[in-house]
Amino acid sequence: MLIRFKKSFEKIAMGLLSFMPAEKDLKQLQQTIKQYETENDWQLFLWKEGEDIVGAVGVVLKGEEIVEIQHISVNPSHRSQGIGKKMVTSLTDFYKNKKVLSNNLTEPFFEKCHDKDKK
């Protein structure tokens with residue numbers, strides 16, 4: 001289930017985002033979390049399976065029509081279970097009147113999700 005990020009989930013979100021190659025540095029990671037907390041166009045969502053938060057997906061709203069996925073990460077112990085695909089699908093449903101796109105960092109994963117749709 002896709003849930004909105006709250007300050008009480010900050011450590012969990014930082015842990016999940018730290019799996020992204022560009023977020024390995026603690027200062028960079030703290031800056032990224034701060035952007036999600038303070039900038040209205042930056043939205044962070046977490047993925048909950050049962051009682052556990054196992055994924056994170058962050059987007060930037062680009063005008064009225066585009067949502068760009070900035071970050072997407074799944075806890076390594078929960079990978080290969082379709083959670084990333086579920087996050088992208090839920091995000092697309094959440095922003096049903098907007099076009100959901102990837103950026104350079106998230107494009108390989110995003111394309112992988114869509115390739116599975118074509119099979």
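What follows are my notes in the order in which I made them.

**Ground rules.** I worked from a predicted model, in which local features need pLDDT of at least 70 and side-chain atom pairs count only at pLDDT 80 or more, while totals for chains, interfaces and linings use all residues. Residues are numbered from 1 along each chain as its sequence is written, and side-chain values use heavy atoms, with hydrogens and water left out.

**Cores.** I looked up the nonpolar cores, a core being a set of buried Ala, Val, Leu, Ile, Met, Phe, Trp, Tyr and Cys residues joined through side-chain atoms within 4.5 Å. Here buried means under 20% relative accessible area, exposed means over 50%, and partly exposed lies in between, with a 1.4 Å probe and protein chains only. The largest nonpolar core has 19 residues, and the members that touch the most others are Val57, Ile69, Leu91 and Tyr95. Two or more residues each come from β2 (42–49), β3 (52–62), β4 (66–74), α3 (83–94) and α4 (107–118); these elements are DSSP runs numbered from the N terminus, helices being H or I with at least four residues and strands E with at least two. Another core, of 16 residues, lies apart from it and includes Ile3, Tyr36, Leu46 and Ala56. I then asked which residues Leu91 is in contact with, neighbours within four places in sequence left aside, where contact means heavy atoms within 4.5 Å. I found Leu2, Phe45, Val57, Val59, Ile69 and Val100. In soluble globular proteins, nonpolar side chains tend to be buried together.

**Helix α1.** In α1 (residues 10–17) I noted Ala13, Met14, Leu16 and Leu17 as buried. They lie on the same side of α1 because they cover an arc of only 165° around the axis, the arc being that of the directions from the helix axis to the C-beta atoms. Among the elements that cover these buried residues are α2 (26–38), β2, β3 and β4.

**Phe5.** I found Phe5 in the loop between β1 (2–4) and α1, and I list Phe5 as buried because its relative accessible area is 15%. Not counting residues up to four places away in sequence, Phe5 touches Glu10, Ala13, Ile33, Glu37, Leu44, Phe45 and Leu46. Phe5 and Gly58 are 53 residues apart along the chain, with their C-alpha atoms separated by 9.4 Å.

**Largest pocket.** I searched a 1 Å grid over the protein atoms alone for pockets, a pocket being an open set of points where a 1.4 Å probe fits, with protein on both sides within 12 Å along at least five of seven lines, and lining residues having an atom within 4 Å of a point. The largest pocket holds about 360 Å³ of space, the volume being that filled by probe spheres set on grid points joined across faces, edges and corners. It is lined by 20 residues, of which Val74, Arg79, Gly84, Phe109 and Lys112 are the closest to its centre. The elements giving two or more residues to the lining are β4, α3 and α4, and α4 gives the largest share, four residues. By kind, the lining has nine nonpolar, seven polar and four charged residues.

**Ser80.** Ser80, in the loop between β4 and α3, has a phi near 65°, which is positive in a residue other than glycine. Most residues other than glycine have a negative phi. I list Ser80 as exposed because its relative accessible area is 83%.

**Other residues.** Asn97 is in the loop between α3 and β5 (99–102) and counts as exposed at 74% relative accessibility. In helix α4 I checked Pro108, exposed at 55% relative accessibility, and also Glu111, partly exposed at 36%.

Note on methods:
Ala, Val, Leu, Ile, Met, Phe, Trp, Tyr, Cys and Pro count as nonpolar, Asp, Glu, Lys and Arg as charged, and the others, Gly among them, as polar.
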